[in-house]
Amino acid sequence: MEQKAKYALVTGGSRGIGRAVAVRLAQDGYPVIINYASHEAAALQTAETIRNAGGTAELLRFDVSCPEQIEKAMADWQSKHPDAYIAVLVNNAGIRRDNLMVFMPDADWHKVLDTTLNGFFYITRSLLKDMMTKRFGRIVNISSLSGLKGMPGQVNYSAAKAALIGATKALAQEVAPRKITVNAVAPGFIKSDMTQDLDESALKKMVPAGRFGEAEEVAELVAFLVSDKAAYITGETISINGGLY
């Protein structure tokens with residue numbers, strides 16, 4: 001029986017790190033599904049970049065924090081791809097709502113956790129069954145330096161990214177017997193839409209490497225973790241931060 005085609009899904013794949021990861025996985029031959037919630041023009045541009053380089057890309061719109069949207073999107077996708085399954089999942093979708101905790105509205109706390117943490121739970125749960133049945137899967141969760149050291153003004157974001165690390169460790173142990181690896185990547189300051197409001201000239205002085213990282217550098221690490229060469233690495237959180245701890 002012919003093996004089903006293995007797809008890669010990148011949540012929040014229209015811009016920044018997600019975009020770089022989608023482009024890089026396509027270079028390794030994966031047909032890539034670019035998830036987005038609102039930035040359709042950017043998602044279309046990412047797909048065009050992949051196709052122009054000879055890769056395969058398609059868009060899938062849903063809000064990761066909404067399980068009903070996920071289930072509908074996954075059912076629709078599966079009906080159109082009966083001979084395929086999503087073997088690689090990169091949980092990249094996340095938002096920032098920075099504020100000092102004493103001034104933080106309830107909505108900013110919940111929205112950040114809903115997108116990063118609940119989003120990881122809903123989409124990963126949806127795809128795990130197929131990975132376990134096929135006895136292969138690669139899950140990479142994009143955490144953050146904020147989840148390791150905590151950042152003032154980011155109690156919500158730090159909490160969500162730290163929780164993602166704990167979930168990574170636990171899930172890795174659950175699914176390792178099925179040849180599924182689960183790892184986290186913790187970027188420091190990376191040039192992207194999410195960091196464009198930060199004072200790069202001031203902040204890069206904190207970084208021993210003396211610069212912000214590139215999204216493509218994070219994408220290279222993700223590509224390694226989903227490769228066959230990384231089959232014995234699971235439950236890990238790998239920092240990519242220019243030496244800033």
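**Figure 1. Helices H4 and H6 cross in a right-handed manner.** A crossing is right-handed if the near helix is turned clockwise from the far one by less than a right angle, and left-handed if anticlockwise. The structure is a predicted model, in which local features need pLDDT of at least 70, side-chain atom pairs count only at pLDDT 80 or more, and totals for chains, interfaces and linings use all residues. Residues are numbered from 1 along each chain as its sequence is written, and side-chain values use heavy atoms, with hydrogens and water left out. H4 spans residues 106–134 and H6 residues 155–175; helices (H or I, at least four residues) and strands (E, at least two) are DSSP runs, numbered from the N terminus. Their axes lie 8 Å apart at an angle of about 15 degrees, so H4 is roughly parallel to H6 (angles under 35 degrees). Axes are lines fitted to C-alpha atoms over the stretch in contact, and angles run from 0 to 180 degrees between N-to-C directions.

**Figure 2. Helices H1 and H2 also pack together, with axes that come within 10 Å.** The axes of H1 (residues 16–27) and H2 cross at roughly 20 degrees, which makes H1 roughly parallel to H2. The contact (heavy atoms within 4.5 Å) involves Arg19, Ala22, Val23 and Ala26 of H1, together with Thr46, Thr49 and Ile50 of H2.

**Figure 3. Strands S2 and S3 run parallel.** Five bridges join S2 (residues 32–36) to S3 (residues 57–61); two strands pair if DSSP finds at least two bridges between them. Tyr36 is placed opposite Arg61 of S3.

Note on methods. Parallel < 35°, antiparallel > 145°, perpendicular 65-115°, else oblique.
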